[in-house]
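Thanks for coming. I will take a few minutes to walk through one model, and you can follow along on the screen.

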Amino acid sequence: MPQTNPFHSMVPRKLTDSELARAIRLDMEAELDAINLYAAHIDATDNEDAKAILRHVMDEEREHAALFWELIARLDPAQAEHIKVMSEKFRLIVSGASHEAVEAAGEGGGGGSAAAEPGMDKRLTVGSLRR
Ligand SMILES: [Fe+2]
């Protein structure tokens, strides 16, 4: 059975919060993959006992994914900033607001999400390469 190497991102010291956020994203990915796996197995059987167990375990994986999401928000200030404005952007998108209105949501202070991550204010972008 293929498994993710749990040591592939290990470093010979304690992780910074940024590095830990990266590791937790992989953990969350495993939870999401498990949810899809169990859902497929539920769909693939008529055995009600198996379906009940799989549904129970699948719901626990949903909880784990939600907990990891909260943890990532604490470890990654840029992600936390996106989460803060996400519900307003979501509301605007599903209500049919213009692209400009959606993109304007959450702007207007704080320097944006890039400044929330140390060193990210100097990151290269496509625009940087054109200059
Ligand atoms: Fe889990």
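I will start with Val 57, which sits in helix H2. Keep in mind that this is a predicted model.

Now look across to Ile 35. In sequence, Val 57 and Ile 35 are 22 residues apart, yet in space their C-alpha atoms are 8.6 Å apart.

Arg 55 is also part of helix H2. With 13 other C-beta atoms within 10 Å, Arg 55 is partly exposed.

Next, the helices themselves. H1 runs over residues 17–43, which makes 27 residues. From first C-alpha to last, H1 reaches 39 Å, close to the 39 Å expected. H2 has 28 residues, and its reach of 40 Å is close to the expected 40 Å.

Which residues of H1 are buried? They are Ala 21, Ile 24 and Tyr 38. These buried residues pack against helix H2, residues 48–75. On the H2 side, Leu 54, Phe 68 and Leu 75 are buried, and H1 is included in what covers the buried residues of H2.

That is the end of my part.

Notes
Residues numbered from 1 in each chain as written. Predicted model: local features only at pLDDT ≥ 70, side-chain atom pairs only at ≥ 80, totals over all residues. Helix = DSSP H or I, 4+ residues; strand = E, 2+ residues; numbered from the N terminus. Expected span 1.5 Å × (residues − 1). Buried ≥ 20, exposed ≤ 12 C-beta atoms within 10 Å, placed from the backbone. Contact = placed C-beta atoms within 7 Å.
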